[in-house]
2 protein chains.
Amino acid sequence: MSLIPLLKPRSIAIIGASTNMKRVGGIPMELLVRAGFEKLYPVNPKNTEVQGRTAYPDIESVPEPVDLVLLAIGAEDVLAYLERCHAIGIKAAIVFAAGYAETNEAEGVKRQEELRAFAWRTGMRVAGPNCMGNANFSDGIFTTFGTSFQPGDPAGRTALLTQSGNMCATVYRMARRSGVAFSHVINTGNEADVDFADYLTFLAEDPDTDAALCYIEELREGEAFLKAAAAFRATGKLLAVYKVGASEKGAEAARSHTAALAGDSAAYDAAFAASGVARAAELAGLADLAYLHCFGAKIAGSACAILSVSGAAGAILADALSLNGGGVPTLPEAVQASLRASIPAFGMVANPVDLTGNLVNSNDFLFEAVNLTLSPSDIDVLIVYLPGYFLESAMDQLERAAARLNKLVIVIDTFALGSRERLAAAGIAYFDDFDRAARAICAYGAWKQESSATPSRITPQANWPAFPSGEPALSETAAKQALAAFGVPVVHDALVRNAADARIAAERIGYPLVAKLVSPDVAHKTEHGLIRLGVKNAEAAAEAFETMTAKARSMPGVRIEGVTLEPMLSGGVEILAGVTRDPVFGWMLTVGLGGVWTELMKDVSHKLLPVDAAGAEAMLRGLKGFKLLDGYRGAPKADVAAAARAIAALGEAVLAGGNKLREVEINPLLVMPEGRGAVAVDALVLLNTLIEKRTEEAA
Amino acid sequence: MSLIPLLKPRSIAIIGASTNMKRVGGIPMELLVRAGFEKLYPVNPKNTEVQGRTAYPDIESVPEPVDLVLLAIGAEDVLAYLERCHAIGIKAAIVFAAGYAETNEAEGVKRQEELRAFAWRTGMRVAGPNCMGNANFSDGIFTTFGTSFQPGDPAGRTALLTQSGNMCATVYRMARRSGVAFSHVINTGNEADVDFADYLTFLAEDPDTDAALCYIEELREGEAFLKAAAAFRATGKLLAVYKVGASEKGAEAARSHTAALAGDSAAYDAAFAASGVARAAELAGLADLAYLHCFGAKIAGSACAILSVSGAAGAILADALSLNGGGVPTLPEAVQASLRASIPAFGMVANPVDLTGNLVNSNDFLFEAVNLTLSPSDIDVLIVYLPGYFLESAMDQLERAAARLNKLVIVIDTFALGSRERLAAAGIAYFDDFDRAARAICAYGAWKQESSATPSRITPQANWPAFPSGEPALSETAAKQALAAFGVPVVHDALVRNAADARIAAERIGYPLVAKLVSPDVAHKTEHGLIRLGVKNAEAAAEAFETMTAKARSMPGVRIEGVTLEPMLSGGVEILAGVTRDPVFGWMLTVGLGGVWTELMKDVSHKLLPVDAAGAEAMLRGLKGFKLLDGYRGAPKADVAAAARAIAALGEAVLAGGNKLREVEINPLLVMPEGRGAVAVDALVLLNTLIEKRTEEAA
């Protein structure tokens with residue numbers, strides 16, 4: 001149901017409204033009165049008036065319809081009061097009280113489950129519990145006991161959405177210091193009913209909001225988050241995210257703090273990448289992204305020209321931009337020549353451009369230099385280093401230049417003497433620190449480019465055969481056959497059930513070949529001697545059959561379906577591709593070179609499904625060890641395009657299998673030299689035998 | 001010669017002293033007058049008085065002895081005037097003028113060479129040219145035309161030493177905002193005579209200085225820098241360094257700006273690591289390191305306890321500390337139990353400790369919690385997150401706790417409302433940003449621990465044989481023999497000169513063995529078919545001899561010294577160790593696993609010589625691929641200690657060879673299973689045939 005009554009209420013009742021302006025029931029009262037909110041109904045059995053407004057003994061006595069009720073009462077009284085509110089038709093509530101699941105105690109957990117059940121049963125939208133509430137600056141509505149948000153603060157078009165009350169106040173203050181103003185500030189609390197994705201969906205549609213800054217500890221509904229993020233992307237609104245838990249210790253602390261489901265950190269990275277959000281590497285970066293978004297129309301990417309009155313500053317900025325993934329393209333010869341005409345020999349013109357300290361004060365050259373350096377089509381943004389008095393004397397020229405530009409000029413003044421307001425009025429951004437500026441423009445520019453990409457959609461073109469009931473896995477043969485139906489090239493094998501057939505099949509396939517025992521009960525066959533490589537003739541094939549089946553018969557509980565024979569390929573590069581299910585975000589594809597590359601160097605790439613062939617190829621090309629596929633040490637280049645198609649087909653197969661699958665892996669996928677394709681030598685399909693059980697539990 | 005006349009002059013003359021307080025000749029005059037500097041002699045032929053002081057028409061007319069002369073005149077007049085100053089016994093000068101080597105033009109370069117020649121001939125210490133000058137706050141002496149340094153600024157015990165005037169002013173202002181005060185502020189300029197290491201040596205001995213903050217673009221004298229850094233280390237003074245050029249683009253810009261010798265970025269890292277300096281990853285980090293050094297006596301390392309009123313802040317801090325190399329040790333059970341007694345179930349007690357928002361206001365528990373969390377011996381520092389009003393109400397308890405602690409408490413208030421001064425007075429550090437605080441304490445703590453380590457010294461215990469004159473390299477046999485003298489275990493080989501001898505030697509060595517052609521003229525023998533592996537009997541050894549010598553005879557200009565036979569070892573892990581000469585810092589040891597590990601993953605470790613066995617083992621253990629030596633996938637653990645001894649012996653050999661060597665490499669060093677040693681299978685010794693020529697050029 002709509003969050004309009006919660007976030008844009010026309011009338012509000014406060015249960016436990018207080019005359020004490022330092023209490024949870026007094027602060028929102030005071031804020032709303034000061035904001036001039038009219039339809040405000042304090043409920044307090046002991047007073048007939050609270051902070052100058054008529055008070056009512058109970059919610060039933062309030063004479064007008066109420067959109068939203070704030071509960072500033074203890075957790076033990078909340079549910080009963082909510083039932084009464086529901087009875088008179090109230091559609092939304094904010095529960096400030098703590099004492100729910102965050103206590104990690106049975107009573108609190110049960111209380112939260114009851115609250116959620118109430119909300120789901122009645123349809124009332126309940127925010128919190130254990131939340132600080134919200135501030136809606138667009139409409140002047142303050143339903144929070146936080147004291148950082150004041151009715152006098154300007155309204156803006158940035159929303160702030162956090163899973164921590166303190167970080168809500170922190171980011172708000174940081175962003176205000178840069179002049180960013182807000183539409184909504186929301187602290188989600190325990191998210192018993194209204195959750196992070198619900199708020200995000202509201203903000204995606206909110207006409208007063210252009211950008212959302214998110215502080216995230218753990219997401220509960222990955223799919224809903226991805227959908228809301230897609231809505232942001234579709235409308236060009238900025239979705240900026242800071243996620244805590246990049247380190248083991250941090251993740252552990254966040255889990256302990258929220259008691260939420262632990263999504264894998266790599267899955268969050270993959271999800272954020274897939275949904276085109278802007279990532280802040282530090283909390284302060286959220287504020288900086290919001291600040292840059294105020295100039296967003298003039299930023300197309302993060303390729304920067306640097307104009308400096310100090311060679312040192314130019315070098316520092318080139319470092320900071322490069323290390324944060326931004327570009328510092330060399331300026332075209334013609335531009336360099338024009339600059340050179342007015343810059344002394346010891347200044348630099350290639351980018352960074354060092355005007356040297358001599359020029360800025362004396363003539364109009366800065367105006368010209370700004371226009372020159374921003375003229376190349378591969379330059380997105382100009383960063384001008386003008387500390388203190390340099391900036392002062394250059395202001396007129398800067399303003400004049402910026403007025404006619406459709407690209408952004410960012411001024412950096414490390415003396416911190418410039419007027420942020422005057423520059424903002426001229427459409428010029430201002431930072432007093434090199435690295436903060438570089439981090440911000442790189443993250444923002446990357447988002448701007450990413451957000452214009454079209455997300456891939458994949459509709460599976462085939463079906464899985466019926467899965468064997470109760471089995472934890474498919475046999476290798478069945479797994480390869482099933483994947484082949486989706487377009488994964490596989491090594492064709494022959495399944496034989498006696499030594500005589502093994503001889504015949506071997507002669508047909510040719511040599512050398514590989515013999516493998518087929519059983520649903522053994523995952524790691526090499527370790528049990530159930531794979532024989534380099535079988536060279538019919539006699540050896542028969543012998544392998546006998547030996548391996550004898551070995552398998554000696555292993556308890558191992559069913560034997562036969563032995564497969566397949567050609568033994570050589571000359572390719574082995575890679576692996578697997579799909580696992582993240583508890584929050586669902587299917588995640590992992591691609592790597594296998595062996596030490598995967599195990600020791602962690603040289604793998606992750607993406608959420610769907611992934612098309614172009615996406616799979618980008619994953620391969622992003623591996624540090626990609627050169628092994630690209631003609632390393634004189635080897636032929638591998639058929640990367642074919643490998644990418646095979647990986648995309650694997651992803652398609654997993655999407656088609658859906659909930660019935662637990663994990664699917666091709667290992668190795670042998671990538672042959674260019675033009676000769678790639679082929680799955682072995683495949684593992686694990687089935688989700690627990691689906692029915694889980695579905696019951698969730699209900 | 002001493003820098004005392006330059007940095008602590010008793011009397012100063014200003015050539016070109018100006019009445020205009022905005023000019024290069026007017027600013028230092030104004031600053032010195034305002035600072036009440038007495039023995040100040042403006043030289044100006046047009047005025048009898050400048051800014052209230054008696055002026056003289058020329059330096060010869062000054063009636064008192066002059067320690068330091070400031071030249072505020074054009075570059076073309078500088079040298080002649082310096083000669084006059086020298087003639088009357090002046091010992092130091094600062095040349096403000098630009099127009100020297102920084103112009104990248106022949107005239108300027110020549111002018112700088114002449115200036116240097118003058119200084120070296122006369123012994124006068126000449127600062128600059130193209131510098132902003134210095135400010136000595138300890139003695140109230142301002143010999144700069146920079147306007148950021150004011151006589152009213154407090155004196156402190158931190159020095160600032162930069163290769164850029166702008167960064168000098170920037171870091172000064174940044175640090176002043178944290179309350180850091182300075183002894184000396186020095187901008188080195190072109191360093192024609194007095195160079196970076198000279199200033200650093202002065203500061204290491206300066207009784208007014210406890211710490212130096214350095215902005216570095218390029219060092220010219222690596223050895224002198226290392227020596228000065230060692231003096232800092234010996235006295236416990238902080239040497240904090242920010243080096244520009246971490247990225248390609250940044251390094252390129254810095255080079256273009258300074259036209260200095262391009263030291264390798266890895267060599268700078270190795271040099272800074274070897275000399276125990278504190279590294280700032282960002283310019284702002286320099287100011288933060290200086291700030292923490294004010295509390296330095298209370299900081300032993302970077303293992304932090306975190307006390308927070310917000311679970312979110314605890315998690316963010318745990319992330320930031322972990323990602324910057326700091327520690328967040330789990331608190332002992334007893335401490336956790338004591339905390340738990342006063343912290344609700346939903347708070348955390350392991351570290352981070354989440355007091356929750358309820359407690360701080362109500363009782364003395366914060367006092368107790370501070371003492372509890374700092375009590376474990378493995379905790380160096382306590383970080384307390386107390387935003388805004390939490391800090392306000394906790395101040396008394398914090399002050400009371402800090403008064404009796406010999407470990408540092410750092411307060412973080414992201415609302416930026418706290419009083420840095422009041423906290424500093426109580427010995428408590430203050431930050432308003434999580435990540436800046438984490439970067440600072442991690443870098444500072446790492447320095448503190450590193451600076452207490454004893455640098456290794458190695459005196460070579462053997463000698464190289466006479467080097468063949470004019471040869472670019474030793475033969476493999478000679479190389480291995482020479483290294484063996486220093487204790488590098490090598491594969492012993494037999495050198496044979498005909499097929500019959502090959503048969504005999506092979507029978508003695510045993511099989512399988514390796515046969516290699518010996519020639520000083522072929523570096524990559526495998527590629528030319530001049531190595532034969534797996535020789536299995538005497539017949540094959542003779543055949544290998546014939547074939548390879550025939551092949552070598554067919555190659556023009558290849559001298560043949562014979563063929564070596566050596567046992568073919570197996571079962572070990574191959575690594576490589578090499579020493580190359582960096583133009584700035586000298587011998588740098590590189591250790592890696594070779595092959596794709598070195599080439600694709602860049603998984604190597606660098607250290608400047610000397611490196612002892614413990615240092616070499618640390619290098620090996622620091623490799624990402626170290627697990628390959630540590631019993632990967634069930635393989636036996638490799639004899640890492642023996643490998644480390646062999647690598648240290650290689651380093652010792654290079655130090656003994658000195659200038660006569662160009663590069664020495666062992667590749668592979670075969671590391672056998674534990675207890676079975678490591679052995680150099682092949683070695684390369686390249687000789688410095690150009691020494692004589694270079695020595696001539698330098699003269």
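Which residues of helix 9 (residues 265–274) of chain B are buried? They are Ala266(B), Ala267(B), Tyr268(B), Ala270(B), Ala271(B) and Phe272(B).

This is a predicted model: local features need pLDDT of at least 70, side-chain atom pairs count only at pLDDT 80 or more, and totals for chains, interfaces and linings use all residues. Residues are numbered from 1 along each chain as its sequence is written, chains are lettered from A and ligands numbered from 1 in the order in which they are written, and side-chain values use heavy atoms, with hydrogens and water left out.

**View 1. Helix 9 of chain B and the residue just after it.** Buried means under 20% relative accessible area, exposed over 50%, partly exposed in between (1.4 Å probe, protein chains only). Helices (H or I, at least four residues) and strands (E, at least two) are DSSP runs, numbered from the N terminus. Ala267(B) and Ala271(B) are among the buried residues of this helix. Just after the helix, Gly276(B) takes a positive phi of about 65°.

**View 2. Glu191(B) in its loop.** The loop runs between strand 11 (182–187) and helix 6 (196–205) of chain B. Glu191(B) is buried, with a relative accessible area of 3%. Its side chain makes a polar contact of 2.8 Å with that of Gln163(B). Such a contact is a pair of N or O atoms within 3.5 Å; within protein, one must be able to donate a hydrogen and the other to accept it, and residues adjacent in sequence count only if both atoms are side-chain atoms. Glu191(B) also touches Arg116(B), Gly128(B), Phe196(B) and Arg220(B), among others, not counting residues up to four places away in sequence. Contact means heavy atoms within 4.5 Å.

**View 3. An open sheet of five strands in chain B.** The strand order is 16-15-17-18-19, with parallel pairing. At the edges are strand 16 (353–354) and strand 19 (429–431), each pairing on one side only. Two strands pair if DSSP finds at least two bridges between them. Strand 15 (residues 304–308) is joined to strand 16 by two bridges. Ser308(B) has Asp354(B) as its bridge partner in strand 16.

**View 4. The two copies, chain A and chain B.** A rotation of 180° with 0.0 Å of shift along its axis superposes chain A on chain B (RMSD 0.3 Å). The copies are thus related as by a two-fold rotation axis. Superposition is by least squares on the C-alpha atoms of residues with pLDDT of at least 70 in both. In chain A, the C-alpha nearest the axis belongs to Met601(A), 4.1 Å from it.
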